[in-house]
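Dear colleague,

Please find the structure below, together with its sequence. My notes on the sheet and the core follow.

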Amino acid sequence: MNGTHTRRRLRRLGIAAVGAVVVVGVAAGPAAAHAEVTASDPRALAENVTLSFTSEAESETAGISELRVVLPQGIAPDAVTLKDAPKEWKLTATPDGYAIGGPALATGTDAEYSVTVRQLPDEKSLAFKTLETYGDGKISRWIEVPTDGEKVDNPAPLLKLRAAAPGAKPIAPSPAPSPSPSAVVPSAQPPTAAPSADPVAAAGAGEDAQATSGKAAGSSTGAVVGAIAAVLLSAAAGSFWWVRRNRSQA
């Protein structure tokens, strides 16, 4: 009797243990997927650091097609270059970070890629908020940043940094580009006569000038003709006087 009771009790304990494992597995299932980041040199002010990202697939119907990342303060979009990514995936800078994507990955395939950052900022940790877009339009948001050690449901990829190396300094900003030749202001040229503000008035002035010139020419011609007429009249009068004189003497 005691043996039967013992077997029943063990059987009950076994069933309870299996049930507990199942419950734990179900509870852990949704939280299994996550996004994370690692660094080749996780120190503040480190230069030319490779950041490797992994976004675990959580959709059973479609693959990841794009990842949109918001960069933490201290890393500019133009300071990030693509190092490695799935085939045909491209990186495009955005106002607050970058987007990387291409043909959708096979369903259940994690998205893994790496970028090179010119320099990490002088911080203790960096959060890279990430949006995962799947081929069917579904979006997973890994954008929550835990504070005071609290747990969050959708944590952003978080990179903890060690202290900067001795003597490490922020990289000086790139010098401003020199102005192109086309941007140089040309030297001043001698002033030219300003065109008439009123083309009609200018044309009228030209006609008046021509009329005045014509009048002057007409007056000069009249004076010459008058002089010639006076000479002819004088010659005619002299000839008439000479003929009359000769007749009277005869």
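How many bridges join E2 to E7? Eight bridges join these two strands, which run antiparallel. Please note that this is a predicted model, in which local features need pLDDT of at least 70 and side-chain atom pairs count only at pLDDT 80 or more, while totals for chains, interfaces and linings use all residues. Residues are numbered from 1 along each chain as its sequence is written, and side-chain values use heavy atoms, with hydrogens and water left out. Strands (E, at least two residues) are DSSP runs, numbered from the N terminus, and two strands pair if DSSP finds at least two bridges between them.

The sheet

Four strands make up an open, antiparallel sheet, in the order E1-E2-E7-E4. Strand E1 (35–39) and strand E4 (80–84) are the edge strands; each has a single partner strand, so one side of each is left without a neighbour in the sheet. On average, neighbouring strands are turned by 30 degrees against each other, direction ignored (axes are lines fitted to C-alpha atoms). E1 and E2 are antiparallel and are joined by five bridges; Ala-35 has Ser-55 in E2 as its bridge partner.

The nonpolar core

A nonpolar core is here a set of buried Ala, Val, Leu, Ile, Met, Phe, Trp, Tyr and Cys residues joined through side-chain atoms within 4.5 Å, where buried means under 20% relative accessible area (1.4 Å probe, protein chains only). The largest such core has 26 residues, and those touching the most other members are Leu-51, Phe-53, Ile-75, Tyr-98, Tyr-113, Leu-120 and Phe-128. At least two residues of this core come from each of strand E2 (47–55), strand E3 (64–70), strand E6 (97–101) and strand E7 (111–119). E7 gives the largest share, four residues.

Two residues in detail

Leaving aside neighbours within four places in sequence, Ile-75 is in contact (heavy atoms within 4.5 Å) with residues including Val-117, Leu-120, Leu-126 and Phe-128. Val-115, found in strand E7, is buried, with a relative accessible area of 1%. With the same exclusion of sequence neighbours, the contacts of Val-115 include Val-49, Leu-51, Phe-53, Val-80, Leu-82, Leu-91 and Tyr-98. Val-115 and Val-49 lie 66 residues apart along the chain, and their C-alpha atoms are separated by 8.3 Å.

With kind regards

Terms used. Buried means under 20% relative accessible area, exposed over 50%, partly exposed in between (1.4 Å probe, protein chains only). Axes are lines fitted to C-alpha atoms, for helices over the stretch in contact, and angles run from 0 to 180 degrees between N-to-C directions.
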